[in-house]
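Here's a quick walk through one chain, from the overall picture down to a few individual residues. Have the viewer open as you read.

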Amino acid sequence: MKYKDFETLRSNQEFKKVYNNKKSFANKNLIMYISENGTDTKRLGVSVSKKVGNSIVRHRLARLIREAFRLSTDCIPDGYDYVVVARASLKDKGFFETKESMIHLLKLHKLYKQD
């Protein structure tokens, strides 16, 4: 799926490149890894483990994370790859909590620019 404001990470190799950079922060709901990508676009990768739940739950969480990222994209700088890993505690949360957790992690990375 192609989003207007950002691209997605697809291959295992792209994910590993971000993981190996070792710039990460976590809170109780999410883990966020960030790596510079050398382009003028932002790319998002979402990872939800089978430990979190069945496929319905995992896809719901992935959609929540992508939507939270999409709606915050004006405040997120270009030129980075973002990998967001969902934790099991996110399973019972809604969109607002997901977005707040993501913004919290972006602020820890010092990459959230409010208007």
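## Contacts and overall build

Start with the contacts: among those in the chain with a separation of 6 or more, 80% are between residues 24 or more positions apart. Keep in mind that this is a predicted model. The chain has 3 helices and 5 strands, and reading from the N terminus the elements go β-α-β-β-β-α-β-α. The radius of gyration is 13 Å, close to the 13 Å that the globule rule gives for 115 residues, so the chain is as compact as a globular protein of that length.

If you're setting up a box, the C-alpha atoms fill one of roughly 35 × 35 × 25 Å along the principal axes.

## Surface and charge

Of the 115 residues in the chain, 43% are buried.

How many positive and negative side chains does the chain have? There are 24 positive and 13 negative ones, and the centres of these two sets lie 8 Å apart.

## Aromatic pairs

A pair of aromatic rings is described by the distance of the centres and the angle of the planes. Searching the whole structure turns up 5 aromatic pairs. One of them is Phe-15 with Tyr-19: the ring centres are 6.4 Å apart and the planes sit at 45°, so this pair is tilted, as that angle falls between the 30 and 60 degree cut-offs. Both residues belong to helix H1 (residues 12–21), and being 4 residues apart there, they are separated by about one helical turn. Phe-15 is buried, with a relative accessible area of 12%, while Tyr-19 counts as partly exposed at 29%.

Tyr-80 and Tyr-82 make another tilted pair, with 6.2 Å centre to centre and 50° between the planes. Tyr-82 has a relative accessible area of 0%, which means it is buried. Ring pairs also tie Tyr-80 and Tyr-82 into a cluster with Phe-6 and Phe-69.

Thr-98 itself is part of helix H3 (residues 95–108), and at 0% relative accessibility it counts as buried.

Gly-53 is in the loop between strand E4 (43–48) and helix H2 (55–71). Gly-53 and Ala-88 are 35 residues apart in sequence, and their C-alpha atoms are 7.7 Å apart in space.

## Two lysines with positive phi

Most residues other than glycine have a negative phi. Lys-22 has a positive phi of about 65° although it is not a glycine. You'll find Lys-22 in the loop between H1 and strand E2 (24–26), where it counts as exposed at 67% relative accessibility.

Lys-110 also has a positive phi, of about 60°, again without being a glycine. Lys-110 is in the segment after H3. Is Lys-110 buried or exposed? With a relative accessible area of 66%, Lys-110 is exposed.

How values were computed:
Residues numbered from 1 in each chain as written. Predicted model: local features only at pLDDT ≥ 70, side-chain atom pairs only at ≥ 80, totals over all residues. Heavy atoms only, no water. Phe/Tyr/Trp six-rings, centres within 6.5 Å; stacked < 30°, edge-to-face > 60°. Buried < 20%, exposed > 50% of the residue type's maximum accessible area, 1.4 Å probe, protein only. Rg over C-alpha atoms; globule rule 2.2 N^0.38 Å. Contact = heavy atoms within 4.5 Å. Lys, Arg positive; Asp, Glu negative; His and termini not counted. Charge placed at Lys NZ, Arg CZ, Asp CG, Glu CD.
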